[in-house]
2 protein chains.
Amino acid sequence: MTNSTTTPPQSFGVLLFPGFALLDACGPLELLNGLSSVVPMTVSLIAVESLEPVATMVPIETLSDEFRKRVETQQPLAVQRLCPTHTLDTCPPLDVLLIPGGFGVPNAASDERVLKFVTESKAQAIITVCNGTGILAATGLLDGKKATTNKWWFKEVTSGRPQVNWVQKARWVHEGRYWTSSGISAGMDVVAAYIRETFGEQIGELIPDILEYTPELNPDNDPFVDSWKKYLPQTE
Amino acid sequence: MTNSTTTPPQSFGVLLFPGFALLDACGPLELLNGLSSVVPMTVSLIAVESLEPVATMVPIETLSDEFRKRVETQQPLAVQRLCPTHTLDTCPPLDVLLIPGGFGVPNAASDERVLKFVTESKAQAIITVCNGTGILAATGLLDGKKATTNKWWFKEVTSGRPQVNWVQKARWVHEGRYWTSSGISAGMDVVAAYIRETFGEQIGELIPDILEYTPELNPDNDPFVDSWKKYLPQTE
């Protein structure tokens with residue numbers, strides 16, 4: 001362990017809500033699968049209220065007027081369903097909580113059950129992917145802290161919680177127990193970074209190698225501020 | 001379309017078998033989800049025999065002696081379950097078939113139902129990820145063709161079908177309708193390459209951008225031949 005003052009995390013959990021983005025959850029999960037082959041740990045998949053499979057598509061009619069049209073025209077038509085292992089009520093205590101993003105975030109970030117669960121989490125690390133940062137931000141836990149989110153939802157997520165010190169150009173941002181990351185595939189890089197920091201260099205290199213994955217090592221390297229400029233607030 | 005002589009693919013399918021690797025399927029699937037927001041298409045998730053959720057873990061007792069010990073000591077303890085939409089029997093005709101890898105490949109590659117399904121596929125493209133190439137190779141369809149697979153299973157997969165012209169150092173290999181790729185995360189790069197080739201530059205750049213993913217553009221760039229040297233046959 002690089003940090004000998006804390007107990008190594010053993011209980012990992014990934015939040016699942018209708019309209020989560022598949023790779024936001026499954027990229028990090030594959031790294032955790034690799035990790036589980038070398039350290040003792042569990043990975044819970046946590047649905048909001050039932051053990052029914054959770055779909056990557058959010059039903060349009062459940063969204064508020066503010067988001068309905070944008071999601072309706074952009075949400076993928078393909079849909080997948082992943083099976084949860086727990087609900088918010090049955091979830092074991094977590095050392096690490098991972099919150100994915102997706103088209104369902106507007107609902108999840110205004111769901112009091114989800115916000116209570118995240119707010120009361122005693123996890124030593126809370127990791128967010130893409131606009132999943134909007135869920136964590138909605139709890140107020142990021143107020144006064146640096147954080148990032150994806151480009152396509154940047155204005156919505158950041159204007160929803162201006163008390164956060166939003167960083168526009170970042171692959172991921174780490175402050176205290178919070179690790180927030182950029183869009184979709186950035187979830188793999190922030191989790192790889194978290195594993196390096198927490199489990200040391202040897203395991204930190206082995207796990208992406210198992211996936212034959214070359215992780216981004218520089219949290220500031222974010223080429224997508226250019227490709228998605230039109231979705232970002234003008235800073236000058 | 002860059003190739004105006006073929007109809008654009010609309011029906012995509014991903015094979016699911018017990019012990020498939022999560023990211024082998026879900027990395028490509030997220031690219032296909034993105035594609036589905038801009039072109040008309042369907043994505044089927046195809047289980048072998050039932051619509052029960054398919055687990056990423058293969059039951060050790062189902063493996064032959066040859067593979068049992070190696071899988072038992074290396075298979076992740078964490079497990080996820082993805083819901084199929086079809087079975088081999090109910091699957092619609094596919095334009096593109098994607099075959100993931102995983103610890104369950106030794107079983108899938110000797111399952112006559114799977115081999116018959118792949119052999120009879122009329123898909124204009126068959127894409128494999130990781131040791132999923134071993135399933136395609138077992139049909140004989142790759143005999144005399146160039147192909148690649150992942151490092152950790154390289155010896156097993158290649159010795160199982162020496163009639164294939166195996167390429168050790170490759171992120172992916174494309175010959176005819178066959179696109180075979182290297183380990184786990186390479187599935188995203190081969191599918192990104194397939195999308196570029198098939199749908200042209202504009203869509204080919206847009207889809208990885210949606211995922212904020214920087215795909216590898218060079219099929220020969222494969223740094224993992226060095227990290228996994230001990231699993232590879234000595235070539236000199």
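Trainee: Which residues line the second largest cavity?

Mentor: F12(B), G13(B), L32(B), V96(B), L98(B), I127(B), V191(B) and Y194(B) line it. A cavity here is a set of points on a 1 Å grid over the protein atoms alone, where a 1.4 Å probe fits but cannot get out; lining residues have an atom within 4 Å of a point.

Trainee: Which elements give two or more residues to that lining?

Mentor: In chain B, they are β1 (11-16), β6 (96-99) and α7 (186-210). Helices (H or I, at least four residues) and strands (E, at least two) are DSSP runs, numbered from the N terminus.

Trainee: Before I go on, what kind of model is this?

Mentor: This is a predicted model: local features need pLDDT of at least 70, side-chain atom pairs count only at pLDDT 80 or more, and totals for chains, interfaces and linings use all residues. Residues are numbered from 1 along each chain as its sequence is written, chains are lettered from A and ligands numbered from 1 in the order in which they are written, and side-chain values use heavy atoms, with hydrogens and water left out.

Trainee: Back to the cavities. How much space lies in the second largest cavity?

Mentor: About 40 Å³. The volume is the space filled by probe spheres set on the grid points, which are joined across faces, edges and corners.

Trainee: How does its lining divide by class?

Mentor: Into 7 nonpolar, 1 polar and no charged residues. Ala, Val, Leu, Ile, Met, Phe, Trp, Tyr, Cys and Pro count as nonpolar, Asp, Glu, Lys and Arg as charged, and the others, Gly among them, as polar.

Trainee: How many cavities of 30 Å³ or more are there in the whole structure?

Mentor: The search finds 2.

Trainee: What lines the largest cavity?

Mentor: F12(A), G13(A), L32(A), V96(A), L98(A), I127(A), V191(A), Y194(A) and I195(A). By class, that is 8 nonpolar, 1 polar and no charged residues. The largest share, 3 residues, comes from α7(A).

Trainee: New topic. Which residues touch the most other members of the largest nonpolar core?

Mentor: L35(A) and L35(B), in a core of 161 residues. A nonpolar core is a set of buried Ala, Val, Leu, Ile, Met, Phe, Trp, Tyr and Cys residues joined through side-chain atoms within 4.5 Å. Buried means under 20% relative accessible area, exposed over 50%, partly exposed in between (1.4 Å probe, protein chains only).

Trainee: What does L35(A) touch?

Mentor: F12(A), M41(A), I195(A), F199(A), I203(A) and I207(A), leaving out residues up to four places away in sequence. Contact means heavy atoms within 4.5 Å.

Trainee: Why do you say the copies meet through the same surface?

Mentor: Because 100% of the interface residues of chain B are also interface residues in chain A.

Trainee: Is E212(A) buried or exposed?

Mentor: Buried, at 2% relative accessibility. I184(B) also has a positive phi, about 30°, and is not a glycine. I184(B) lies in the loop between β11 and α7 of chain B, and counts as buried at 10%.

Trainee: Where is G19(B)?

Mentor: In the loop between β1 and α1 of chain B. G19(B) is buried, with a relative accessible area of 0%. Its contacts beyond four places in sequence include A55(B), T56(B), G101(B) and F103(B).

Trainee: Last one. What does Y178(B) touch?

Mentor: Not counting residues up to four places away, I126(B), L136(B), L141(B), L142(B), K145(B) and V173(B). Y178(B) is in strand β11 (residues 178-181) of chain B. The C-alpha atoms of Y178(B) and I126(B) are separated by 5.1 Å, though 52 residues apart along the chain.

Methods. 1 Å grid on protein atoms, 1.4 Å probe; cavity = no way out; pocket = protein on both sides within 12 Å on 5 of 7 lines; lining within 4 Å.
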